[in-house]
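Subject: Structure handover

Hello,

Here is the structure for you to look through. My notes on what was found follow below it.

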Amino acid sequence: MRRHSYVWTISLPYLAIFLLALLGISLFLSGYFQSFFETNWQRNLTDQANLYTRLAAPIVRAGPPYTGVNEVLASAAGTSGYEVTLLLPDGTIIGDNLGSQAARSTLLGDPEVTAAISGGKGADIRTDAVTGQRTLYVAVPILSSRQPIAEIRVAASLASLDSTIQKARLILLIFSASALILIILLGLFYARRKENPLVLLTETVKGINRGERKNIQLSQRGDEIGTLAEAFFDFTDRMNLQIADLTNERMKLAAILTNMTDGAILVNSEGVVTLINPAARHLFKYFDNLATTPRTLIEVVRAHEIVNIWNLCQHSNHQQTAAFETPVDREYLQVIGTQLKPSLPEFTLLLFQNLTTQRKLETVRRDFVSNVSHELRTPLASLKALTETLQEGALSDPPAAQRFLSQMDDEIDNLTQMVQELLELSRIESGKVPLQKKLVSPSQVVEPAVQRMSLQAQRSNLNLSFDCPPDLPQIEVDSSRLQQVLVNLIHNAIKFTLPGGSILVSAQLDAQRIIFSVKDTGIGIPPDDLSRIFERFYKADRARSSGGTGLGLSISRHLVEAHSGRIWAVSRPDEGSTFSFSIPLPRS
Ligand code: ADP
């Protein structure tokens, strides 16, 4: 019943009106019938009484002793069941069809009798004192010279009329009750029927909630339900459009947040993180689900500098910026805090930029400038010193002048080599060096390079050897460029290995690549320098005096990478270094 309460809410007033109408009609009908029948009876009874007066009039006019009056009245009344009484105006009963005049004391005082005595016709309905039944009394005068000389009173029991009316009422009641039950049953049936527009509308709305299609037919009905359905469908259409728009906007924002390289964290006024994008998660190594376990800013970022920025944002209307280094990973971060006023004043957006790479590049650039100046200044300073010595008189000493000139020549060679290497590096870096790739065996790269450097190694009292199996698969490379890489590495090994040491050049197969290595027993490289030696001009401090340009390894790295390879170094100070590079085998 609860399910259709709305139907019942609508139906109940109608039901009440129907009930009232039914009750009214029943009451009216039963009243109407009663008075109709009673009037009819009264009319009939009056007619009968008139008839009796005509029969009794001669007897009354004959005067006492009124012989045979009872019989006349009895035969006139027949089997009608009426009591017919003849009485004089003084109330004396002179005849009765039932012969019961002795039982009657007096009829004077009865309203119908009083009316008849005064010459009119009287009628009354009341309960008979003797029979105890509702009875209709009619009295009609017998006139002589327009004067009542007697009157006939007829009494008819209304018991049969009352029982008929009672039956009629019962039938009416049964009819009304049946109609009511029928209407309730019809209502129930209709309320439950699928075609019921309210049920249909409810089902359609439920269906739409479940994502089903709307019932167009419903909106095409011409009635109020149709209008309601149409308005509802319009509303859902508009809602759907708005939801689609919002979803679209949300997806765009989510895509931006997800793909942003900068970290983003949204913090509420209580310091709880409400949103964190993947870049920020990665930056702070925080991968827990914030929806299930809410976390404060400090719990997520574990850096007081960031919390300070958030605090500053809370108390100021301006953007706050700070840069700091993370303690563990030593990442250099810049954080920008913005209070999201006016739209979301209780939220602060923290953006994180990882400036580690830029900072490194900045350092490299600074080092590069300082190294170039340093590298240029040394030969220029010695050139200056040599020319000054010559000017100050050494020219007059030919053997000394000759020596100085040869030193000057060496310095100029150094400068030329540095400039050449710089040019070479910038050409390789900008991809202007075309590679002449051919299929060669690794030994065709290793052997010529070792041969070129063997004299130099001998001079430095170093044992230079190589290990390159002849059956290694061929590689497709620019062999002169790869030899240049190996020569650079061997040259460094010679420079940084003390006399008596040894250098081993090798090539071996590893998965789908050939790995070339130059292993020395030299001075090694401190761990801090190891990661930076492939940068331009970078030199470990201990190598500062070695006279190199710091460009060799940088050039080597670029050449290896141009062959889709990789270069790396493993080293321990005072134990030696191994420089390796890999070249992928050609795809068969
Ligand atoms: P250069 O040798 O001209 O200084 P490189 O780029 O070839 O420049 O080398 C850069 C730095 O790497 C060197 O200055 C040196 O500190 C270090 N290095 C390179 N090879 C070796 C090696 N075999 N042993 C020790 N240190 C090395």
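In strand S1, Glu 83, Thr 85 and Leu 87 point one way, Val 84 and Leu 86 point the other way, and all are buried. Buried here means under 20% relative accessible area, exposed means over 50%, and partly exposed is in between, with a 1.4 Å probe and protein chains only. Strands are DSSP runs of E with at least two residues, helices are runs of H or I with at least four residues, and both are numbered from the N terminus.

Before going further, the basis: this is a predicted model, in which local features need pLDDT of at least 70 and side-chain atom pairs count only at pLDDT 80 or more, while totals for chains, interfaces and linings use all residues. Residues are numbered from 1 along each chain as its sequence is written, and side-chain values use heavy atoms, with hydrogens and water left out.

S1 covers residues 83-87, and five of its five residues are buried. It belongs to an open sheet of five strands with the order S2-S1-S5-S4-S3 and antiparallel pairing. Two strands count as paired if DSSP finds at least two bridges between them. The edge strands are S2 and S3 (122-127), each of which pairs on one side only. From one strand to the next, the twist averages 20°; axes for such angles are lines fitted to C-alpha atoms, for helices over the stretch in contact, and angles run from 0 to 180 degrees between N-to-C directions.

On one side, S1 is joined to S5 (residues 147-157) by five bridges, and the two run antiparallel. Val 84 has Val 154 in S5 as its bridge partner. S1 also pairs with S2 (residues 93-96), in the antiparallel sense and over three bridges. Thr 85 is the bridge partner of Asp 96 in S2, and Leu 86 stands opposite Gly 95 in S2. S1 and S2 form a hairpin with five residues between them, and Gly 91 in the turn has a positive phi of about 100°.

Helix H2 (residues 69-77) lies across S1, S2 and S5, and runs at about 40° to S2. At another place in this part of the chain, Asp 128 lies in the loop between S3 and S4 (134-144). Asp 128 counts as buried because its relative accessible area is 6%. Not counting residues up to four places away in sequence, Asp 128 touches Gln 133, Thr 135 and Tyr 137, where contact means heavy atoms within 4.5 Å.

The protein chain is divided into domain 1 (6-164), domain 2 (218-252), domain 3 (260-354), domain 4 (359-430) and domain 5 (438-584). These bounds come from an automatic or database domain assignment. The C-alpha centres of domain 1 and domain 5 lie 147 Å apart.

Another open sheet of five strands has the order S7-S6-S10-S9-S8, with antiparallel pairing. S7 (273-276) and S8 (320-325) stand at its edges with a single partner strand each, so one side of each is left without a neighbour in the sheet. The twist here averages 20° from one strand to the next.

S6 (residues 263-267) and S10 (residues 348-354) pair in the antiparallel sense over five bridges, and Ala 264 stands opposite Leu 351 in S10. S6 and S7 pair antiparallel over three bridges, with Val 273 in S7 as the bridge partner of Val 267. S6 and S7 form a hairpin with five residues between them; in its turn, Gly 271 has a positive phi of about 80°.

Cores and cysteines

A nonpolar core is a set of buried Ala, Val, Leu, Ile, Met, Phe, Trp, Tyr and Cys residues joined through side-chain atoms within 4.5 Å. The largest has 48 residues, and those with the most contacts inside it are Ile 475, Leu 486, Ile 490, Phe 516 and Phe 581. Helix H14 (residues 479-495) gives the most to this core, with eight residues. This core draws at least three residues from each of domain 4 and domain 5. Leaving aside neighbours within four places in sequence, the contacts of Phe 581 include Leu 482, Leu 486, Phe 516 and Trp 568. Apart from this core lies another, of 27 residues, among them Leu 136, Ile 152, Ala 156 and Leu 158.

With a disulfide taken as a pair of cysteine sulfur atoms within 2.5 Å, the count comes to zero. Cys 313 counts as buried at 0% relative accessibility, and Cys 468 counts as buried at 9%.

Regards
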